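Colleague: I have a few minutes before my next call, could you walk me through this one?

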Amino acid sequence: MLMLEISGTFLLFPGDAQWGTWNAVMEDPEWKQLLERIAFYKIGHHGSHNATPKDFVEAMIPRIFVLWRRR
């Protein structure tokens, strides 16, 4: 999982992160604060069911942001 900050904009690239990584990140207070700031999220695992936890989407993405997925 990689997060970049470019000119105050946070971009999240989860790579091949699966549930174990997501669970650890969402339980970590520092990461949780960072996740709340993302403006760009690159979907991992080609949209696999365990690539993006529903809890993450519902809890951490309360506003409009750029969503990019390779087709």
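Modeller: Let me start with the terms: two strands pair if DSSP finds at least two bridges between them, and helices (H or I, at least four residues) and strands (E, at least two) are DSSP runs, numbered from the N terminus. This is a predicted model, in which local features need pLDDT of at least 70 and side-chain atom pairs count only at pLDDT 80 or more, while totals for chains, interfaces and linings use all residues. Residues are numbered from 1 along each chain as its sequence is written, and side-chain values use heavy atoms, with hydrogens and water left out.

Colleague: Fine. In what sense do E2 and E3 pair, and over how many bridges?

Modeller: E2 and E3 run in the parallel sense and pair over 3 bridges, with Phe 10 standing opposite Ile 38 in E3.

Colleague: And how many bridges join E1 and E2?

Modeller: Strand E1 (residues 2–6) pairs with E2 over 5 bridges, in the antiparallel sense, and Ile 6 stands opposite Thr 9 in E2. The two strands form a hairpin with 2 residues between them.

Colleague: Stepping back, what pattern does the protein follow along the sequence?

Modeller: The pattern is β-β-α-α-β-α-β, with 3 helices and 4 strands in the protein. Of the 71 residues, 30% are buried, and the protein exposes about 5000 Å², of which carbon and sulfur atoms supply 52%; these accessible areas come from the Shrake-Rupley method with a 1.4 Å probe, and for residues only the protein chains shown count as cover.

Colleague: What share of the contacts comes from residues 24 or more positions apart?

Modeller: Such residues account for 64% of the contacts with a separation of 6 or more, a contact being heavy atoms within 4.5 Å.

Colleague: Now the inside. Which residues make up the largest nonpolar core?

Modeller: A nonpolar core is a set of buried Ala, Val, Leu, Ile, Met, Phe, Trp, Tyr and Cys residues joined through side-chain atoms within 4.5 Å, and the largest one here has 12 residues: Met 3, Phe 10, Leu 12, Ala 17, Trp 22, Val 25, Met 26, Leu 35, Ile 38, Tyr 41, Ile 43 and Phe 56. Strand E2 (9–13), H1 and E3 are the elements that give two or more residues to this core, and the largest share, 3 residues, comes from H1.

Colleague: What does Met 3 touch?

Modeller: Leaving out residues up to four places away in sequence, Met 3 touches Phe 10, Leu 11, Leu 12, Trp 31, Leu 34, Leu 35 and Ile 38.

Colleague: Back to H1, which of its residues are buried?

Modeller: In helix H1 (residues 19–27) those are Trp 22, Val 25 and Met 26. They lie on the same side of H1, because they cover an arc of only 95° around the axis, the arc being that of the directions from the helix axis to the C-beta atoms. The face turned away from that buried side carries the exposed residues Gly 20 and Glu 27.

Colleague: How many aromatic pairs does a search of the whole structure find?

Modeller: The search finds 2; rings of Phe, Tyr and Trp (its six-membered ring) pair if their centres lie within 6.5 Å, and planes under 30 degrees apart count as stacked, over 60 as edge-to-face and the rest as tilted. Phe 13 and Phe 40 form a tilted pair, 5.5 Å centre to centre with 40° between the planes. Phe 13 lies in strand E2 and Phe 40 in strand E3, so this pair ties together parts that are 27 residues apart in sequence.

Methods: Buried means under 20% relative accessible area, exposed over 50%, partly exposed in between (1.4 Å probe, protein chains only).
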